Amino acid sequence: MRILFIHNRYLQSAGGEDTTVNAEVDLLLSKGHAVKVLFFDNEAKTGISSKIKSGLGAVYNRTSALRVKEEIRQFAPDVIHVHNFFFTASPAVIIEAHKQQIPLVVTIQNYRLICANALLLRNNRVCELCVHHAFPWYGVKYKCYHESAVESAVVGLMGSVHKMAGTWKKKVDTYIVPARFMKWRLENSSLRLDTGLIKVKRNFIDDPGAGRFEQRDNFFLFVGRLAAEKGITVLLNAFRALPDANIVIAGDGPDKEALVREFGGLPNVRFVGKKTKEEVIGLMKSCRALVFPSIWYEGLPLTIIEAFATGTPVIASRLGAMEEMISHEGNGILFEPGNARELEQAILKYNQYIAQGNYSLYEAARQSYLEQFHPDKCYEEVINIYKHVIASRQLKKNGIYG
């Protein structure tokens, strides 16, 4: 099978989406498929006029459409898989793929099409004010994108224009989302997508091997961006009240300096900065459990998948994809989002399991990875989606339906 990936990179803040694309490309290549990636890059813009011009280009970028048309001519793909089109690629790449009659799959990793800031988060709380509106009026009112009403309006325009034009409903064969919660949220929104158009395919990582529970050290672990939406302040307030429980904070972000000033003096809190992937895996194999206190819905956090792969249970917010991934007192423990006191209780409960010699959570965490997030499982899921859209498109061409 010949697969053309299209991906718009965020050069200033490469993250989970880029990791997912690279992993899927490597997996498909390892299975003998012909794969090519067409990258688009967002350039940093300064000045309001430049930002507006760039934002309007996110509605439809003719240059991007021409690049896709030429790539189709040269590579002749059986299927096109778009991972991100915001903002340089633009929905023009979707329209051009449809025009060229190539089966098209689009992965959605966030809520950009129904929320100006893509997170469904405002003032560090879940916000769904714009979910059912064709245009994100509240996103403009509250300056949800880059704290700018103008930029929020321009970003909202991209989603709204293509809702009205039918791009999202009529020009994509299948959407892929990483979690059932995201599928439900998008299906019940202003997108008004047809039933069955969205498929769930989980993300994955290569197997790093599991850490042995009898060799783990006496510390909990946080890995991620040091920013409010990750619930880092909730976590640190909980550990401030638990002087006998140790937490290692691995990561960097906009709130790091303030957090170090407030919590860095605590004897049970250790900031270790940003770590390589290999170093993170090492920490996961050594820690007692991963703590994931995010206060937004998330997509399908790779950090939790990494924890499960290393046989590490996760203590996480009972919210969105986290609630879906974690079986309470099975492969981890859930607590109320933003509730430091309930997180304290979750830590204490977890320590009771360990004191009693109950290591079943470690075994369940590893089993979750093998059953849901292993490369072989995810390859089976994505290849079945590709085969389905190719067969469906062929039926349409033959006039059998549609």
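**Ground rules.** I number residues from 1 along each chain as its sequence is written, and side-chain values use heavy atoms, with hydrogens and water left out. Since this is a predicted model, local features need pLDDT of at least 70 and side-chain atom pairs count only at pLDDT 80 or more, while totals for chains, interfaces and linings use all residues.

**Cavities.** I searched the whole structure and got 5 cavities of 30 Å³ or more. On a 1 Å grid over the protein atoms alone, a cavity is a set of points where a 1.4 Å probe fits but cannot get out, and lining residues have an atom within 4 Å of a point. A volume is the space filled by probe spheres set on the points, which are joined across faces, edges and corners.

The largest cavity holds about 160 Å³. It has 14 lining residues, and Asn84, Phe85, Ile108, Asn110 and Arg112 are the closest to its centre. I sorted the lining by class: 7 nonpolar, 5 polar and 2 charged. (Ala, Val, Leu, Ile, Met, Phe, Trp, Tyr, Cys and Pro count as nonpolar, Asp, Glu, Lys and Arg as charged, and the others, Gly among them, as polar.)

The second largest cavity comes to about 90 Å³. Of its 15 lining residues, Cys115, Cys127, Cys130, Gly139 and Cys144 sit closest to the centre. Here I count 11 nonpolar, 2 polar and 2 charged residues.

Next I looked up the second largest pocket, at about 350 Å³. A pocket is an open set with protein on both sides within 12 Å along at least five of seven lines. It is lined by 19 residues, with Lys170, Val172, Asp173, Arg393 and Lys396 closest to the centre. Helix H16 (375–397) is among the elements giving two or more residues, and its 6 residues are the largest share. (Helices are DSSP runs of H or I, at least four residues, and strands are runs of E, at least two, numbered from the N terminus.) By class I have 4 nonpolar, 7 polar and 8 charged.

**Loop residues.** Tyr142 lies in the loop between helix H5 (137–141) and helix H6 (149–165). Is Tyr142 buried, partly exposed or exposed? It is partly exposed, at 35% relative accessible area. (Buried is under 20%, exposed over 50%, partly exposed in between, with a 1.4 Å probe and protein chains only.)

Gly32 is in the loop between helix H1 (16–30) and strand S2 (34–41), and at 62% it counts as exposed. The C-alpha atoms of Gly32 and Ser148 are 47 Å apart.
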